[in-house]
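Dear colleague,

Please find below the sequence and structure that I am passing on to you. My notes on the structure come after it.

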Amino acid sequence: MIIVENSSRDLFYDNLERKKMPSKKRRRKEERPKIHPKNKYSDNPPDFALLASLYPTFKPFVFYTREGRPRIDWTDFNATRELTRVLLLHDHNLHWWIPHGQLCPTVPNRSNYIHWIEDLLSSHIIPRDNTNGGNVRGFDIGTGANCIYPLLGASLFGWSFVASDMTDVAIEWAERNVKNNPNISELIEIRKVKCSQNTLSPEGLSGESSYSEEREGLPSSSLDISASEDKSYYGPAILVDVVRDGETFDFCMCNPPFFESFEEAGLNPKTSCGGTYEEMVCPGGEKAFITRIIEDSVVLKQSFRWYTSMVGRKVNLKFLVSKLREVGVTVVKTTEFVQGKTFRWGLAWSFVPPAKKIVTPHVTEKNILSFMLEGIQRQFGAIHVLQSVESFFLAGGASCKLNASSFVVDITASADHCNALLNNDVKYIDEVASCSNVQEAPSNLCFRILVFQQIPGTLLVKGSLQHRDSALSGLFSSIIQQLEASLRQKFCKEKTGTNYI
Ligand SMILES: C[S@@+](CC[C@H](N)C(=O)[O-])C[C@H]1O[C@@H](n2cnc3c(N)ncnc32)[C@H](O)[C@@H]1O
């Protein structure tokens, strides 16, 4: 069964709802996916003034705006590195350093990915594995000199790691960073990946060059950049030939080299968090790199319970999800990470058969989800779509109340109805049927679907959840997704919607 979660869908429709919504600025603020709620910095962003008062080495990098707000110069590598150092020390009791020019991680952002992994591990999407006595073991692909994920994962959750990299400088500094934290050093093994001769070479570019981690800030218009032609990865081994015989892991994670070229990587430097050629660039960019991880996962299958990677471009995320469907994984999950003004995505998949037919219900993060149907065939109007919405839910057994004058359908669905609606994906129904029982849900899911015309040929479909605290509310986004697929299939000329993921 494929489960695709998306928290960003309605961001695409900001402009379309202008008349009905608060100002764009306010709306953005309200609707943006937030930093992970368990992230230490979600309610308390780093307090530069406090840190400056506590850490004399940080103080020189802090200046104050006319309004008296403390700031640092994000284009100064030394400032960003010192911020990371003091945050790791102050908030995580970690001793850390990297040499000039190496990629400098931002702690709140990296913490989001760690917390998402924790969510995956503690979810019931795939059965829990207690073979390791509850000890979680991860694999960090490309740990960098900063070794940030193993340091955070070990200090926050006591996870153990194998952390790989291919460059000498990364291995040397990752080892130093581990050694300098004796309380967790036992938990982290640094593993060098052998580089073959055809490994990428900077070709005339100095490995000492560095540039912005605002590539964590790929331009926020990254949606506009079309994916490059299919190019294969031909760098060093990633998982196969690095993972040893008999080794098993609960997860792997990866912040891949995103770019295909140094030029591409140097776009819009607004910050200076370093990053050498080897850290940022690989043949074929992230698309090729993560494709190789997928190919490796097909070989290694259940040696990992979860395979995960960060993805920098939405267009690549779409490509990778379709690749995962092709290779027959049992579960796919995506999420969106907000990093300043930048969006990035988390992609996770597994070959472990899912524990349940449906995702364990949990409180949904959003109670309004919308999608746009573009390229509606001429003979269809809003009323046809509305009727089709009703039929879709009736087919699942849900009760519906259609109000044609306000273009609204009110739906009440029980756990069984939700289950029926979510199993519409006949492609995977056999796999689903062989899985274990559905989780019982105590109450109904009540929501309203509103259809309205934007411009001729384009409709906006908006779902609003009536009771956010329903035990089934976690299914809301999956149901809306199914509805979207069904309507798109029926009414749109372009059958595969661009905004499906
Ligand atoms: C973008 S950096 C990420 C560093 C660190 N994990 C972080 O989030 O800041 C990508 C890292 O992947 C490493 N890398 C590239 N190809 C690799 C491979 N085949 N196996 C392991 N590491 C690799 C690079 O040397 C670099 O350190």
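The notes below go through a helix pair, the strands beside it, a second sheet and some individual residues.

Please bear in mind throughout that this is a predicted model.

**The helix pair α9 and α10**

Helix α9 covers residues 285–300 and helix α10 covers residues 314–327. Their axes lie 10 Å apart, and the two helices pack at an angle of about 20°. Because angles under 35 degrees count as roughly parallel, this angle makes α9 roughly parallel to α10. The crossing of the two helices is right-handed. On the α9 side, the contact is made by Glu286, Lys287, Ile290, Thr291, Ile294 and Val298. These residues meet Asn316, Phe319, Leu320, Lys323, Leu324 and Val327 in α10.

Strand β7 spans residues 304–311, and eight of its eight residues are buried, so the strand is largely enclosed by the rest of the structure.

- With β6 (residues 249–254), the pairing is parallel and runs over three bridges. Here cysteine 252 has tyrosine 307 in β7 as its bridge partner.
- With β9 (residues 342–350), the pairing is antiparallel and runs over five bridges. Here methionine 310 stands opposite glycine 346 in β9.

Lysine 301 sits in the loop between α9 and β7. What is its phi, given that lysine 301 is a residue other than glycine? The value is positive, near 40°. As a general point, most residues other than glycine have a negative phi. Lysine 301 has a relative accessibility of 37% and therefore counts as partly exposed. When neighbours within four places in sequence are left aside, lysine 301 is in contact with Tyr307 and Phe351. Tyr307 is the residue already mentioned as the bridge partner of cysteine 252. Lysine 301 and valine 352 are 51 residues apart in sequence, yet their C-alpha atoms are 8.1 Å apart in space.

**The five-stranded sheet**

A further sheet is open and consists of five strands in the order β10-β14-β13-β12-β11, with antiparallel pairing. Its edge strands are β10 (368–373) and β11 (399–403), each of which pairs on one side only. On average, neighbouring strands of this sheet are turned by 20° against each other, direction ignored.

Two of the pairings in this sheet involve β13, and I describe them in turn. Strand β12 (residues 408–413) pairs with β13 in the antiparallel sense over six bridges. Within that pairing, aspartate 410 stands opposite arginine 448 in β13. Strand β13 (residues 445–455) also pairs with β14 (residues 458–465), again in the antiparallel sense, over eight bridges. There, valine 451 stands opposite valine 461 in β14. Strands β13 and β14 form a hairpin with two residues between them. In the turn of this hairpin, glycine 457 has a positive phi of about 90°.

Helix α14 (residues 476–491) lies across β10, β13 and β14, and runs at about 15° to β10.

**Two further residues**

Aspartate 241 is placed in the loop between β5 (188–192) and β6. Although aspartate 241 is not a glycine, its phi is positive, at about 80°. Is aspartate 241 buried or exposed? At 72% relative accessibility, aspartate 241 counts as exposed, since the cut-off for that class is over 50%.

Threonine 84 belongs to helix α3 (residues 77–92). With a relative accessibility of 3%, threonine 84 counts as buried, because the class holds residues under 20%. Not counting residues up to four places away in sequence, threonine 84 touches Trp96, Cys104, Pro105, Thr106 and Val107.

With kind regards

Note on methods. Residues numbered from 1 in each chain as written. Predicted model: local features only at pLDDT ≥ 70, side-chain atom pairs only at ≥ 80, totals over all residues. Heavy atoms only, no water. Axes fitted to C-alpha atoms, helices over the stretch in contact; angles between N-to-C directions. Helix = DSSP H or I, 4+ residues; strand = E, 2+ residues; numbered from the N terminus. Parallel < 35°, antiparallel > 145°, perpendicular 65-115°, else oblique. Left-handed = near helix turned anticlockwise from the far one by under 90°. Contact = heavy atoms within 4.5 Å. Buried < 20%, exposed > 50% of the residue type's maximum accessible area, 1.4 Å probe, protein only. Pairing = 2+ DSSP bridges.
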